[in-house]
Structure formats: C-alpha cells, structure tokens
Amino acid sequence: MPEGDALHRAARRLQPLVGQRLEVEAPNPRAQATGVAPRIDGRVLEAVEAVGKNLLLRFDGGLVVRSHLRMTGRWRLEPRGKARTGLPWLVLRGETQEGVLWNGPVLTLETRNVPRLGQDVLAPEFDLDAAAARVRSAGDRYLGEALQDQRLVAGIGNMWMAEALWSIQISPWVRVADAEDGVIRDALAAAQRLMQEALATGRPGRQVYRGAGRPCLRCGTIVRSRGQGDANRTAYWCPGCQAGGRPRGE
Ligand SMILES: [Zn+2]
C-alpha cells in the first residue's frame, strides 16, 4: 500500500473534527515528550491534509502539527470516550468523536507566529526558581490556567496541571497573585516529577483528571470539573482536599 494513500485516507477520516475546538491528550510518554499536545489543547482544528509523506493538522493561531506515520503509525476516528487499552500518541477529542493516533512515530509542531515559550518542564536544565518567577507574572489569573500558559512554562497540559495540583492539595482556582511562592514552586515541581514518572513507567498515573462525579481517592469528596480561563480548558479538582480557591461566583 503506497504511503500516500494511507495518508489521504487518514486525512479524509479526520474531516469530521475540522471546525471543532478539541481537547488534546498525549497518553504515550514518548508523544508527551514532544510537547505537542499542551500547545494544541483547546484550539480549533482548521484543516487536515496529506502533503507528501506528512499529515498536516492546522490549528487556530497558526499552529501546524506534522504527523509522519512511517510504517507503523495509524490514525483512527472513534466515538468520544471509547474505552481502550494501551497508550495512543494523541487523542483529539471532539464533541462526539475523537481522532486517535497510534504508534506515532514522528510528531512535530511548526511554531511560526507563536510567542516565545517558557522553559520546558522536562528539560534537564529546567530551573525551578526561574520558572516559578515567570508563572508569578501571571498575576490575577488562575493558577490552573497559568500553569498551562506555554509562554510561562512549556510542556504542562490539562492532565498534568490537574494531577500536579491534586498531588499538592491546591485548588486550580487559586489566583496566582494570592499564591505563596512555595505553592507555585511546589506545583511546578509536582508536574515535573509526575511527568518524569510517566516517562519512566509508561503509565500516566491519573488520580483526578477526567474523574468528575467520582469520589476523590484521597478524601472521598466528589471530584468536580469546570471550564477555566480564556481557552476554557476543563479543570478537574477535589473541592474537599484542594485548598485555596473557588470558581468565580461560588
Ligand atoms: Zn479530596
């Protein structure tokens, strides 16, 4: 089967997602390490096309994800939330369906027109104090939102934000301006540690992410979810044991 055919079929298969604002995850740690998922999470998919040996996924803001399938990669379109075993490279979750990339193996992001990024939380030279100072500049925004602002610190997506703040028992609804320096540092250190563990073990280790409506594993309070920030990404948190902030109006 010529590779170009497979790519064109994949592009056609993903068309139902075009025009939708997508929730994006990279369950596979090798894909997580590319840093692609958090930068396209919450963006609108504007086009999918096969160009040469690449599938190009164009997102709002001028972001283009290049997926080269080589011999192993496969894109599928599945019902939203379908149960699966294994760790796909990318899940592009739309309203009723999700595009799923299995077996990578090449995923890159073209970042023209994108503001300069913060330090990569997984980089060996990651400087926690410098990153905390940069997050601190987010001022009045929510901590959960600031941790995902790739201009402040790069690589933390929706899932790791939720897991990091759950692990240190701090609410994503704390305003950065109200957070103590130690809290910001602890949040970044927790994200770094959890992401490194996932890379080492191949397991995402979820405690709270996508757990809305279920009892918290630590205190038994029902976990909540709510859209947060300009991108309206869904924050997951336990109102029982994560301290310090509530959504506006509560
Ligand atoms: Zn709890």
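1. How many helices and strands does the protein have? There are seven helices and 12 strands in this predicted model. The radius of gyration is 18 Å, close to the 18 Å that the globule rule gives for 250 residues, so the protein is as compact as a globular protein of that length. Along the principal axes, its C-alpha atoms fill a box of roughly 55 × 35 × 35 Å.

2. Next, the zinc ion. Its protein donors are the SG atoms of Cys216, Cys219, Cys238 and Cys241, lying 2.3 Å from the ion. Along the chain they follow the spacing C-x2-C-x18-C-x2-C. The site is tetrahedral, with angles of 98 to 117° among the four donor atoms. Ideal angles for four tetrahedral donors are 109.5 degrees. Cys238 and Cys241 are buried.

3. The largest nonpolar core has 44 residues. Val135, Leu143, Ile156, Ile184 and Leu188 have the most contacts inside it. Helices H4 (128-136), H5 (143-146), H6 (158-167) and H7 (181-201) each supply at least two residues of this core, as does strand E12 (233-237). H7 gives the largest share, nine residues.

4. Look at Leu188 in detail. Leaving out residues up to four places away in sequence, Leu188 touches Val121, Leu128, Ala131, Ala132, Val135, Leu147, Val153 and Ile156. A second, separate core has 28 residues, including Leu7, Leu17, Leu69 and Leu90.

5. Finally, burial and surface. Buried residues make up 49% of the 250 residues. Of the contacts with a separation of 6 or more, 62% come from residues 24 or more positions apart. The protein exposes about 11,700 Å², and carbon and sulfur atoms supply 47% of that area.

Technical notes. Residues are numbered from 1 along each chain as its sequence is written. This is a predicted model: local features need pLDDT of at least 70, side-chain atom pairs count only at pLDDT 80 or more; totals for chains, interfaces and linings use all residues. Side-chain values use heavy atoms; hydrogens and water are left out. Donors are N, O and S atoms within 2.8 Å of the metal (3.2 Å for Na, K and Ca); water is not among the atoms, so sites may look incomplete. Four donors count as tetrahedral if all angles lie between 85 and 135 degrees; four count as square planar and six as octahedral if opposite donors are over 155 degrees apart and all others between 65 and 115; anything else is irregular. Buried means under 20% relative accessible area, exposed over 50%, partly exposed in between (1.4 Å probe, protein chains only). A nonpolar core is a set of buried Ala, Val, Leu, Ile, Met, Phe, Trp, Tyr and Cys residues joined through side-chain atoms within 4.5 Å. Helices (H or I, at least four residues) and strands (E, at least two) are DSSP runs, numbered from the N terminus. Contact means heavy atoms within 4.5 Å. The radius of gyration is taken over C-alpha atoms; the globule rule is 2.2 Å times the number of residues to the power 0.38. Accessible areas come from the Shrake-Rupley method with a 1.4 Å probe; for residues, only the protein chains shown count as cover.
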